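Please open the model in your viewer and keep the selection panel at hand.

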Amino acid sequence: MARVTFHGAYGCVTGSATLLAWGATRVLVDCGLYQGDEALEARNRAPFPLPPRELTAVVATHAHLDHTGLLPRLAAAGFEGLVHCTRASRALISLLLEDAGELQEEEARYARKKGYSRHAEPQPLYTAADARRAIRLLAPLPFDAEHDLAPGVRLRYRRAGHLLGAATVEIAAKGADGERRWWCFSGDVGRYGVPILKDPEPPLAAPAALVLESTYGDRRHAPERTDEELRRVIAATFERGGTVIIPAFALGRTQEVLYHLAAMAAEGALDPTAVFLDSPMAISATELYERARAEHDEEMAALVANHSSPLAGDRFQRCRTVEQSKALNARREPAVIVAASGMAEGGRVVHHLAQRLGDRRTTVLFVGYQAAGTRGRALVDGADQVAIHGRPVPVRAEVRYLRSLSAHADRDELLRWCRALPAPPERVFLNHGEDPARKALAAALEGELGWPRPALPLPGDSAPW
Ligand SMILES: [Zn+2]
C-alpha cells in the first residue's frame with residue numbers, strides 16, 4: 001500500500017517529518033527537531049515512527065533545524081541511507097548539524113555543572129560525532145531536474161526562496177491503483193521580492209496532492225519597510241546610549257539583516273565598527289551566502305559584481321571566539337549585536353540577554369517567527385521577566401518585533417504561490433502551522449481559490465498516495 005503518514009509539524013511549526021511508503025520503500029521528507037516548550041522538546045527523544053534501519057532515504061527540504069535537526073539522532077540509531085538535499089543545502093546543513101551537536105553536548109555539560117536541570121544526569125540529545133555521521137549521508141542534487149529517489153520513485157527540487165538552498169519537493173510514484181502521480185511538498189515557502197535570494201518558484205507538475213506549510217496562514221506581514229524600521233530602531237537606541245541585540249537565525253535572517261546594515265554602513269548612516277556579528281556559524285553561513293552565486297537575485301548579483309562582500313559589510317566585527325563574544329559585555333558604547341539563536345533559546349544571544357535585558361537603554365529586536373513556548377515568544381508577548389540559566393532576569397529593555405523580515409510567506413504570498421501551480425491539486429494537506437493559522441489558510445484556499453477542502457492532519461494520520 002502506498003501511503004503518506006504525517007508525523008511532525010502538526011499543529012505547530014517544528015519537528016517536520018512526513019513518511020512516504022510504497023511497498024518496502026520508506027522515505028522520510030524532513031527529519032526536524034521540535035523546538036519550543038518542554039513538552040514539545042520531549043518529543044525529540046520519542047521513538048522514530050519506524051526503525052531507522054528500515055528507512056530507504058530521507059529528503060531534506062532545507063537546512064533549518066526544525067527540518068533537519070533530528071538527522072544526527074536518526075544516524076546514531078542506525079540509519080545508513082542517503083539524505084537527499086540541494087547542493088547549497090548540503091553546505092548549510094553540514095554547518096548547522098555540526099553546530100547543533102556541539103550545542104547539545106555543551107548544554108548538557110552546562111546543565112550538569114549548574115545543576116538547574118530536573119534530570120540528575122542531563123544527557124545530550126546527540127553528539128557532534130552523531131552529527132558528523134549524518135553529514136556523511138548528505139547527497140546533493142541540482143534544482144529543476146528529475147532524480148531517482150528509489151526504484152520507481154522520482155524526485156525534483158524547485159526553489160522555495162526561503163533560505164539558501166531551500167526547496168519545494170516534487171515526488172512522483174505509482175499509487176495503489178498503479179497510476180503514477182506527483183505529490184508536492186511545499187517545504188517552507190519564502191517571500192517575494194526580498195533581497196539576496198531568487199523568488200519562490202511553483203512546482204512544475206500539476207500535483208495530485210499538495211502538502212502545504214501554513215506558518216503564517218492567518219497573517220499578513222506588516223507593510224513596513226525593513227530597512228527604514230531598522231534605521232529607526234538603531235537610531236533611537238543609539239540616541240539613548242543603548243545596544244541593539246538582534247537574536248538572529250544564523251541562516252537567512254542574519255544575512256538579510258546584514259544586507260540592510262551593510263547598505264546603511266555604505267551610506268555612512270551606521271558606524272561599521274559598532275556592528276558585531278557574534279556567531280561563528282552565522283559568519284560561515286554568510287560566507288556561503290555570498291559564494292552561492294547561482295542562488296542570487298539580480299540586485300544581489302549586481303552587488304557581488306561590484307563589491308567583494310555585500311553581506312558582511314567588510315568592516316563589521318566578526319566574533320568567532322568566546323573571548324571576543326565575552327568582551328562585548330564590557331562595551332559601554334552603543335552597538336548592534338547580531339547573535340544566534342533566533343528564538344533566544346540557545347546560543348550566545350542568551351548571554352547578551354542575561355547581561356542587557358535589565359537595562360532600559362537596550363533594544364531587543366526580533367526578526368523572525370517566535371514559536372509558542374520559546375523565550376523569544378515570551379519576550380515578544382511582553383513578559384516582565386524571563387528565566388535564563390535557571391535564574392529570573394527582569395525585562396526593562398525595549399522589545400521589538402520586525403515582522404517584515406520573516407523568512408516565511410504570509411497568507412497572501414502563500415495564496416500567490418498556490419495560484420502559480422500548473423493546476424489546482426486534487427487533495428490538499430496543511431501542516432507546519434499552529435491550528436488557527438492552518439484553519440484560516442484552509443478557509444482561504446477553499447473560499448478564494450475554490451480548492452477542495454484542505455485536510456489538517458493530526459499526528460499519525462495517513463492518506464493513500
Ligand atoms: Zn525553514
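This is a predicted model: local features need pLDDT of at least 70, side-chain atom pairs count only at pLDDT 80 or more; totals for chains, interfaces and linings use all residues.

**The zinc site.** Begin by selecting the zinc ion together with His62, His64, His162 and Asp188. These residues coordinate the metal through NE2 of His62, ND1 of His64, NE2 of His162 and OD of Asp188, at 2.1 to 2.3 Å. The angles among the four donor atoms run from 87 to 170°, and the site is irregular. Along the chain, the donors follow the spacing H-x1-H-x97-H-x25-D.

Next, display the segments around His162 and Asp188. His162 belongs to the loop between strand E8 (153-159) and strand E9 (167-174), while Asp188 belongs to the loop between strand E10 (180-185) and strand E11 (209-213); the pair therefore ties together parts that are 26 residues apart in sequence. His162 is buried, with a relative accessible area of 1%. Asp188 is likewise buried, its relative accessible area being 1%.

**The largest nonpolar core.** Now select Leu92, Ile246 and Leu261, the residues with the most contacts inside the largest nonpolar core, which has 74 residues. Colour helix H7 (residues 253-267) as well: this helix gives the most to the core, with seven residues.

**Around Ile246.** Centre the view on Ile246. Leaving aside residues up to four places away in sequence, Ile246 touches Leu230, Val257, Val336, Ile337, Val338, Ala339, Leu365 and Val367.

**The second core.** Finally, select Val59, Val153, Leu155 and Ala167. They are among the members of a second, separate core of 27 residues.

Note on methods: Residues are numbered from 1 along each chain as its sequence is written. Side-chain values use heavy atoms; hydrogens and water are left out. Donors are N, O and S atoms within 2.8 Å of the metal (3.2 Å for Na, K and Ca); water is not among the atoms, so sites may look incomplete. Four donors count as tetrahedral if all angles lie between 85 and 135 degrees; four count as square planar and six as octahedral if opposite donors are over 155 degrees apart and all others between 65 and 115; anything else is irregular. Helices (H or I, at least four residues) and strands (E, at least two) are DSSP runs, numbered from the N terminus. Buried means under 20% relative accessible area, exposed over 50%, partly exposed in between (1.4 Å probe, protein chains only). A nonpolar core is a set of buried Ala, Val, Leu, Ile, Met, Phe, Trp, Tyr and Cys residues joined through side-chain atoms within 4.5 Å. Contact means heavy atoms within 4.5 Å.
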